[in-house]
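The sequence and the structure are shown first.

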Amino acid sequence: MIDHLADPGPVIPARRHHAWRLEAKELLRLAVPLAATQLAQMIILATDTVMLGHFSKQALAAAAIGNTLYFLTWLMGSGVPMAVSPVIAHIQGRHGASARENATRRRNNTQSDAENFPVRPRDQRDVRIAVRMGLWTAVLTSLPLLCALAFARPVLLFLHQEPALADGAARFVMGIAWGLPFALGFQVLRSFSTALSRAVPPLVVIVLAILWNAAFDYALIFGHFGLPQMGLLGAGIASASSNIFSFLAMLAFALGAPALARYRILHRLWQPHWKSLADLMRLGLPIGLTMVFELALFNAATLVMGTFGISALAAHQIAITIPSLTFMIPLGIGLAATVRVGLAAGAGDRIAARRAGFTAIAMAALFMCAMALVLLLWPRQIASLWLPDIPANEDVLALAVVFLHVAAAFQLMDGIQVSASLSLRGLKDAHGPMWLAGASYWLAGAPMCVWLAFGLGMKGLGVWLGLAFGLTVAALTLTTRFVLLSKKPLQRE
């Protein structure tokens with residue numbers, strides 16, 4: 001009798017460990033294709049820089065400036081398309097929490113997969129409306145953003161960039177700008193697919209877009225296959241055409257794949273749903289501003305580098321591209337966390353939401369530690385992939401090695417801050433991360449950049465150390481917010 005009533009305590013930790021293992025498995029299943037998609041998107045940018053680096057050092061520097069303007073403009077319009085993912089995740093979590101699934105969750109203490117949720121008419125309608133309004137915003141925001149890009153050259157001259165660089169960057173922007181509406185539309189469709197735990201279709205599309213972009217880069221930059229040699233303008237046109245291709249291919253997946261086609265996303269496309277549009281705007285605008293705060297600091301750093309000369313700017317472009325590639329992996333993990341946390345939050349399951357966020361933060365931190373080691377051990381060999389290691393390029397490569405050493409130091413903090421921020425997005429917490437990001441990057445990071453670069457005369461190195469400081473502040477504050485916010489009870493929607 002005493003044995004029968006013995007304390008069964010060890011069973012509870014075993015169940016908890018099982019729940020964490022299941023969460024890690026589900027997060028990885030979603031994160032791997034998402035991270036691969038993010039990495040593939042950066043490979044498109046890297047293809048441009050590699051080919052332009054072999055075209056001329058001046059073209060590489062001008063493309064760095066042009067990409068800075070274009071990417072900042074894209075960020076201004078991308079918040080609402082990205083908000084589609086947590087909105088759909090909450091819909092799936094809310095409607096998917098049936099009585100049987102709740103019983104299963106109580107037994108296993110884990111969240112069911114979104115793709116196994118029953119699809120009800122209301123689910124389909126709510127998801128379809130979210131996608132429809134997301135596509136509306138992609139169109140509505142593109143027009144003013146395209147108008148802003150038309151003033152690329154005078155803006156760059158106003159920011160004291162060299163006239164030759166401003167002219168080259170304006171040519172690049174002139175080509176790439178036409179792909180902006182399609183880039184935003186692709187983000188909407190990608191968010192739709194990802195929130196339904198269908199992360200492979202966007203990956204397939206992006207892989208095909210890499211091949212498309214590389215072929216057109218080769219043809220239009222250098223003048224192959226009977227096409228004229230267009231240099232920077234050709235690189236921009238190639239990137240724009242790859243954005244158009246990506247949107248059309250993703251739309252074909254959304255309309256043709258059975259798991260996505262049943263939502264009929266183009267049904268009543270022209271019919272507005274103002275409440276859903278307002279909800280997306282309330283969530284999406286802070287998301288967009290959060291990304292603007294972070295990446296505008298890095299873009300501003302590129303503009304500052306332009307004042308230090310072409311060598312410093314070219315070295316910065318090489319060095320910033322490499323950690324941007326490694327950053328895509330924790331970004332993919334964070335996007336998966338948005339879905340996993342959103343599913344749990346929609347069902348009112350605080351424990352599962354908290355577990356999903358912490359799992360994502362740990363995975364991102366481990367990966368970035370490994371990347372830091374790689375950047376410390378082989379910085380020059382990696383930089384030489386972007387610019388040939390010849391005496392004429394020694395000044396650029398030497399600076400790139402210095403910058404990559406700093407990048408190795410901030411890898412961990414970069415992985416933590418993005419996974420924490422996107423976990424908060426899964427809780428539909430957008431305003432808090434927006435203010436924390438603004439303070440971290442512009443009240444901490446930017447002043448540090450200025451003080452070190454100009455006050456102490458460290459120039460490019462000072463800029464990079466300031467960036468590292470801003471990322472560290474962001475990682476600490478965003479992680480703390482997730483810890484505190486995820487402790488609060490969640491109301492099932």
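## Helix packing

The crossing of α11 and α12 is right-handed. This description rests on a predicted model. Helix α11 covers residues 274–306 and helix α12 covers residues 310–346; their axes come within 8 Å and cross at roughly 160 degrees. An angle over 145 degrees counts as roughly antiparallel, and α11 is therefore roughly antiparallel to α12. On the α11 side, the meeting residues are Glu294, Phe298, Ala301, Thr302, Met305 and Gly306, and they face Ala312, Leu313, His316, Ile320 and Phe327 in α12. Sorted by class, the contact of α11 with α12 holds 7 nonpolar, 3 polar and 1 charged residues.

A second pair consists of helix α6, residues 163–176, and helix α9, residues 231–256, whose axes come within 6 Å and cross at roughly 25 degrees. Angles under 35 degrees count as roughly parallel, so α6 and α9 are roughly parallel to each other. The crossing in which α6 passes α9 is right-handed. Helix α6 contributes Gly168, Arg171, Phe172, Met174, Gly175 and Ile176 to the contact, while α9 contributes Leu232, Leu233, Ala235, Gly236, Ile237, Ser239 and Ala240. In this contact of α6 with α9 there are 8 nonpolar, 4 polar and 1 charged residues.

Helix α7, residues 180–195, packs with helix α8, residues 200–222, at an angle of about 145 degrees, the axes being 8 Å apart. Phe186, Arg190 and Ser193 of α7 meet Pro201, Pro202, Val205 and Ile206 of α8. The contact of α7 with α8 divides into 5 nonpolar, 1 polar and 1 charged residues.

The angles and axis distances of the pairs are set out below.

| Helix pair | Angle | Axis distance |
|---|---|---|
| α6 and α9 | roughly 25 degrees | within 6 Å |
| α11 and α12 | roughly 160 degrees | within 8 Å |
| α7 and α8 | about 145 degrees | 8 Å |

## A kinked helix

Helix α16, residues 431–455, has 25 residues and reaches 33 Å from its first C-alpha to its last, which is close to the 36 Å expected at 1.5 Å a residue. Within α16, a kink of about 30 degrees lies at Gly445, shortly before the proline Pro447. Gly457 follows α16 and has a positive phi, near 70 degrees.

Conventions. Residues are numbered from 1 along each chain as its sequence is written. This is a predicted model: local features need pLDDT of at least 70, side-chain atom pairs count only at pLDDT 80 or more; totals for chains, interfaces and linings use all residues. Side-chain values use heavy atoms; hydrogens and water are left out. Axes are lines fitted to C-alpha atoms, for helices over the stretch in contact, and angles run from 0 to 180 degrees between N-to-C directions. Helices (H or I, at least four residues) and strands (E, at least two) are DSSP runs, numbered from the N terminus. Angles under 35 degrees count as roughly parallel, over 145 as roughly antiparallel, 65 to 115 as roughly perpendicular and the rest as oblique. A crossing is left-handed if the near helix is turned anticlockwise from the far one by less than a right angle, and right-handed if clockwise. Contact means heavy atoms within 4.5 Å. Ala, Val, Leu, Ile, Met, Phe, Trp, Tyr, Cys and Pro count as nonpolar, Asp, Glu, Lys and Arg as charged, and the others, Gly among them, as polar. The expected span of a helix is 1.5 Å times one less than its number of residues. The bend at a residue is the angle between axes fitted to the seven residues ending there and the seven starting there.
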